Amino acid sequence: MKELSQIKDYASKNSVPIMFDEGIEFIIDYIKKNDVSFILEIGTAIGYSAIKFAQINPNIRVFTIEYDIERYHEAVKNIVNFNLDDQITVFLGDALNFNFTEKFDLIFIDGAKSQYVNFFEKYKNNLKKDGVFISDNLFFHGMVENPKLTQNYSTIKLIRKLKRYIDFLKANTEFETTFYEIGDGVAVSKRK
Ligand code: SAH
Ligand code: MG
């Protein structure tokens, strides 16, 4: 069986942006405290966060979506290696093109930063009454607070989109959002 540290090594060697330890511990804690059992993840990458969630207990089910075929295959391989394929289902494709009828306790938004508002709008009806969205990378390495940290045009555009998402959450009349300065910036959005 593979070690989680091997998945982390693969991620750093191949520049796969898996969750920061601090952020993942925060979500794990949320899952335990709130009896979360059914999770939808947007952005599987190589399965690291999905594996961490499923390992919490055997009743946890994770649906996770990835559109990059290479990462999808790596994720499936890792999940089978950890014997978690009965708990985790990986879907290949764009998260904006799926239509699930299931209702989830937790929807974890960790896909393309430019699409966060669209993911939120698309999936809000797939949350159970007490379900929440958790969104990752709202700081984007400190750049959202301090845009001068980058000169790269596509990064500047992305940061603008993340700012727009943060404003969207703050102005949202249906959902109440709490922002946490944890990991790369995590937000929890609950229905009012
Ligand atoms: N949750 C993972 C990291 C995900 S990184 C972890 O912490 O281990 C973000 C991933 O989302 C990337 O692999 C990217 O290919 C994928 N992605 C981005 N936009 C997507 C979309 N619209 N649909 C499906 N996957 C998407
Ligand atoms: Mg992330």
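I began with Ala 112, where a backbone N or O atom lies 3.0 Å from a nitrogen atom of ligand 1, a polar contact being a pair of N or O atoms within 3.5 Å. I note that the model is predicted, with local features needing pLDDT of at least 70, side-chain atom pairs counting only at pLDDT 80 or more, and totals for chains, interfaces and linings using all residues. Residues are numbered from 1 along each chain as its sequence is written, chains are lettered from A and ligands numbered from 1 in the order in which they are written, and side-chain values use heavy atoms, with hydrogens and water left out.

I then looked up two further contacts: a backbone N or O atom of Met 19 lies 2.8 Å from an oxygen atom of ligand 1, and a side-chain N or O atom of Asp 110 is 2.8 Å from a nitrogen atom of ligand 1.

Asp 110, in the loop between strand 4 (104-109) and helix 5 (116-123), and Asp 136, in strand 5 (residues 127-136), are 26 residues apart and link distant parts of the chain; helices (H or I, at least four residues) and strands (E, at least two) are DSSP runs, numbered from the N terminus.

Conventions:
Polar contact = N/O pair within 3.5 Å; in protein donor to acceptor, adjacent residues only side chain to side chain.
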